[in-house]
Amino acid sequence: MNAIDPVMGAKAEVKQNLEVADNQVTVGSCFTDAPKMTMRNVNVFYDDKQAIHNVSVDIAKNEVIAMIGPSGCGKSTFLRSLNRMNDTVESCRVEGEICMDGENLYAPKLDVVELRARVGMVFQKPNPFPKSIYDNVAYGPKIHGLADTRVDLDEIVEDSLRKASLWEEVKERLHQSGTGLSGGQQQRLCIARAIAVSPEVILMDEPCSALDPIATAKIEELIEELSQNFTIAIVTHSMQQAARVSHRTAYFHLGRLIEVNPTEQVFTMPEHELTEAYITGRFG
Amino acid sequence: MTKPVNTPVNNLEKIRKSLGRRNRSEHLFRWYGRLAILIGLAAVTVLFTDIVSKGHGAFRISYMQLEVEYDQDLIGVDNLTDPEQLILGNWQAVPKQALRQQFPDVSGRSDKRKLYGLVSNGSGFDLKDRLLANPLLLGTRETVWILADDDIDTYYKSWLDGEPYAARLSDKQVQWISELHDQGKIRLQFNSNLFTRGDSREPEQAGIRGAVMGSLFTLLLTLMLSFPIGVAAAIYLEEFAPKNGWTDFIEVNINNLAAVPSIIFGLLGLAIFINFFHVPRSVPIVGGLVLTLMTLPTIIITSRAAIKSVPPSIREAALGMGASKYQMVLHHVLPLALPGMLTGAIIGMAQALGESAPLLMIGMVAFIVDIPGGFSDPATVLPVQIFLWADSPERAFIEKTSAAIMVLLSFLIVMNTSAVWLRKRLERRW
């Protein structure tokens, strides 16, 4: 046999240390003084399989929090439980407390329609409706009855497209198909669609993973602008992206929240050895 | 360490060796495919050629030219507004008298009967209709083209084709026809009766209008019932129903129902709609109900497939925007699934249009002369009409049967083409 590949060897070595204890405690600064959303002891199950173990964390108002971690670590599952998109998965069960402005999102009397109007979502793959650009953005305001007149609606559409820095590119062809745009434009259209109902929080599930670097750069720039008005939670595979756009970074590992700290600290002097192993590229 | 089996050189040799065999089998497979298509096309060609060659004759029918006199005494009618006189009038006497005048030297009871047999026994009523449309004709003479009897028509057509079929005619009748032909007083005309009349025991008077209207009413009811019910069931099962043992059970049963022989649905309809609910027999209502039961599984299955093919990302986008499930279905899933649903519905309708077995069980096989005017008038449908005509002894019904098949096939082709067209049209590829 050949000699052991040094990189492979290092990975194998780390793998032995990757097991996390059941009583794993999140290190770093999970909690903030003025939280927009608070999660306490959240467990998420798919049938009997537990995907999220005992996660407690706050999301501050107007902050951008990035969630990073290796594939299958549960970061998307966690994100989707914040606006109850997991409700659509029949086998999924959420335990614990997820609150926004002190209101429990899983309270029986809470209406998910209202919740999703307050917590918008942008998905991994751009998924504009097969309708015109205008109708895509106007859909949310229409179903929630936010615009009283056609003029109001026009205004909301223009404003949302401007905020998503798409207006200049599409103002001449508002009534053409949304799916005819390029991938990056489609994703910005989806962002415009999400902010058209003025949500308080925007969840982004790997919004740039299907985009080229230039389109990615535009979205990242946009996230920074949006953080002035919105609270944003973003799941990303790219550590560089997390470093560029977020204020705080949460590192997930095997369904557990390992570390939450200001982004700068996570990428320069991580507190936990698993975080360090991940950001230095020893596995992932 | 094991001995290396696959060196690059080794591999290349092996791959080259296998290439010939692989290419040969692919080549052979292509030819199997072409052969299969060829056999299919040949079968269709034979079928169509046979039907068209037998049926095209039915679109033309023999008429003979006679000079008729609307003699008041002969008919026994002097007032055309008196319904009783109209009923009692001896209308057939008019063509009979015209024939006697055309062939003055025919005498004897038997010969006269043969002479009168030249024209259709309904021709007197055709003349009556003509007279009623233009009352001033009463008491005058005019030259008209009168519908010939079906045996005469069969003979005349076969004689024109060079292979005379005179089995049902006497020598004298053959002689008279040849005389009329020489004088240009017999000819083939477009057979409008085929499209304007209902069924009849007399082939020359029989038409498919009744069956077409029956099919229309039956299918209309089937469509009105099965499309909404089928689509609603499909949407519920696909989008709203919890996934559990019950829905699995329902799904299995729907798939089974699609495979149940159609005559069973006829028996079901007989037992439930006619014997239990006392819906009248032979009417489009009960036919439509039975065909609804039969097409529902098809529509549900195709609609579910259409709903399933809507990308989940669209649903997520709608739900993520805060649309309720109902809004998600109505605004996004339904418009995208509609082309598929419509295609399924049209194919289901085409299947229902061609169905005869279940309708035999509920009495839509009756001999009905009147053209149905609504859902509750006794009626028959096109495939059953074909069945009835194919069963009739008169030779002239052979071409009529094929002609009715041609009409049915063209309806089916139109429906299936429109299904393709609709799908292309509605499938908005954004």
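**Exercise 1.** Work out how many residues of domain 1 of chain B are in contact with domain 2 of chain B.

*Solution.* Start with the count: 4 residues of domain 1 of chain B are in contact with 4 of domain 2 of chain B, contact being C-beta atoms, placed from the backbone, within 7 Å. Next, sort the domain 1 side by class: 1 nonpolar, 1 polar and 2 charged. Here Ala, Val, Leu, Ile, Met, Phe, Trp, Tyr, Cys and Pro are nonpolar, Asp, Glu, Lys and Arg charged, and the others, Gly among them, polar. Then place the domains: 59–191 and 209–426, with bounds from an automatic or database assignment. Their C-alpha centres sit 45 Å apart.

A quick note: this is a predicted model, where local features need pLDDT of at least 70, side-chain atom pairs count only at pLDDT 80 or more, and totals for chains, interfaces and linings use all residues. Residues are numbered from 1 along each chain as its sequence is written, with chains lettered from A and ligands numbered from 1 in written order.

**Exercise 2.** Find which strands of chain A stand at the edges of the sheet.

*Solution.* First, write the order: β1-β11-β10-β4-β9-β8-β7 of chain A, an open, mixed sheet of 7 strands. (Strands are DSSP E runs of at least two residues, helices H or I runs of at least four, numbered from the N terminus; pairing takes at least two DSSP bridges.) Now read off the ends: β1 (27–28) and β7 (119–122) of chain A each have a single partner strand, so one side of each lacks a neighbour in the sheet. Finally, check β7(A): 4 bridges tie it to β8(A) (201–205), running parallel, and G120(A) has I202(A) as bridge partner.

Methods
Two residues are in contact if their C-beta atoms, placed from the backbone, lie within 7 Å.
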